Structure formats: structure tokens, C-alpha cells
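Subject: Structure handover

Hello,

Here is the structure I promised you. Please open it, then read my notes on its charged pairs.

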Amino acid sequence: MASGGGSLFRLWHCTYARSFRCLWTLTELGLDRQCELITMPFPPRVFHRKFLTANVLGTIPYFEDLSLVDASGKPRGMTESCAVPLYLVTKYTPDSTLGMAVDEPEYPSYLNWIAHADATLTFPQTLVLRYTLQEPGAADNVVQDYARWYLARLRMLNNTLADGRDFLVGNRFTIADICITYALYLGRTLEVDGKALSTSYKPQTTAYLEKMMARPGWKRAEGLQEASAQEFSSKHAKL
């Protein structure tokens, strides 16, 4: 990743948080070398309170386009993990195959998958995460209900992948795949009653997830976040 002084972008990140969608997009587009990556412990609003001066919400991701500033001189920022990939392919790599033109037949599906990834598939898992890892025992019924809710909402994805396709739209890898894959990955990390949510995935959905995670861009993003997390820890341990 670029150092702060020579960067076009800055991505505030936590390991395998939703900001991974943004980081993975950067690697697939070849833009990661133009981005300053800051990988903080989760949740940063607790463990790195200075982050609140950049993002008042304290949420991840926080992505800054350093070429654009507001009236106060602060870089323009984005907080939504599925909006950032769309911004990058639209503004900076309009000819990339990771995006989709408005006149392509599957453009409506492309947009829908991007929104579906966070609004429908990631949201319920955040409640499972909160009440199993951050506040265990506080709302066990919520955990059970939203785990079932998430798995039920996979029905559209399961049906789409049942024809054996490699990618969601356009017969090619797009940011729709990036956005959906992260939601599926999150299901591997969350357990209810001792079982990961991903153990209930349909075979075609599991195969799709494994194929996406085997991409060089995913692997590079993993390496970058590990190095960045170590750098952050080392730097702040000295303060």
C-alpha cells in the first residue's frame, strides 16, 4: 500500500470487517498501491478513539478520496462498504470488467446484488455478531431469530447459483461478487449453538464462496491487512 504522503485514497479498516470489500476491490482493480491502509483493532471507536475525528460514526469502513475535499479542507469520505466498490469502478476504472454498463442486460441484477449484499445478507449477521461476541447472553432470542432470517434470505442466491454459474452476472467477475462473497464469508465466522452459519449453506453456495476466496485478489487483500495490522500495533505500542 502507498504511504500517507503519496496516496490517492485512505481506507480505515479492521481485519475482516466489512471494509474488506473495499480492500479486495482495490486489489482487483490494481489500485491498492495508491491507498493508505490503516488497520485498527475492532471496534475502533473503543480501541482507537482518535478515529472518531475522521469518522464521527466510528464505523468501518471509512474510505477517503484524498483528491476531493470539502469546504473545511477535509477529504470526502464514505461509510458504506458496498458503495465504495461502486464508486471506485465508476469513477476510477470505468473500463474495468469489474463494473457493468447501464446498457448491459443484467445491469439491474448487478445493482440489486450490490445492495442485497449488505441490506439483506450482512445486516442480520451483524446482530448475531453483536449478541454472540460483544454482548453474549443479552439477547439470545435475537441471535436465533436473525440467524434463521439470514439463512432464509439466502434463497435468491441459492437459486441463482443452482445453474452452476461461476459469477452472479454478466458471465464475469464483478463487484457484485465482491459484495456478496463478503456476506457469505461472514457466515463462516459466526457460530450459533456451536455451529457456523455457513454449515447450513447449499453446496452450490459453498462452492461459489470457496472459488471467490481462492482469487489472487482476495489473497493479496488478506496479506495487506495482516501487514497493516502489525504496523498499526507496532506503531501504537510505542506511544
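First, a definition: a salt bridge is a side-chain nitrogen of Lys or Arg within 4 Å of a carboxyl oxygen of Asp or Glu.

Some background comes next. This is a predicted model, in which local features need pLDDT of at least 70, side-chain atom pairs count only at pLDDT 80 or more, and totals for chains, interfaces and linings use all residues. Residues are numbered from 1 along each chain as its sequence is written, and side-chain values use heavy atoms, leaving out hydrogens and water.

Now the findings. The structure holds eleven salt bridges.

Glutamate 28 pairs with arginine 215 in one of them, with the closest N and O atoms 2.9 Å apart. Glutamate 28 sits in helix α1 and arginine 215 in the loop between α8 (203-213) and α9 (216-237), so this pair ties together parts 187 residues apart in sequence. Helices (H or I, at least four residues) are DSSP runs, numbered from the N terminus. Arginine 215 is partly exposed, at 22% relative accessible area. The cut-offs: buried is under 20% relative accessible area, exposed is over 50%, and partly exposed is in between (1.4 Å probe, protein chains only).

Aspartate 118 and arginine 21 form another salt bridge, at 2.7 Å, N to O. Both residues are buried.

Aspartate 163 and arginine 165 also pair, their closest N and O atoms being 2.8 Å apart. Aspartate 163 is exposed at 53%. Arginine 165 is partly exposed at 31%.

Finally, look for a network: salt bridges link Arg10, Glu36 and Glu64.

Best wishes

How values were computed. Helix = DSSP H or I, 4+ residues; strand = E, 2+ residues; numbered from the N terminus.
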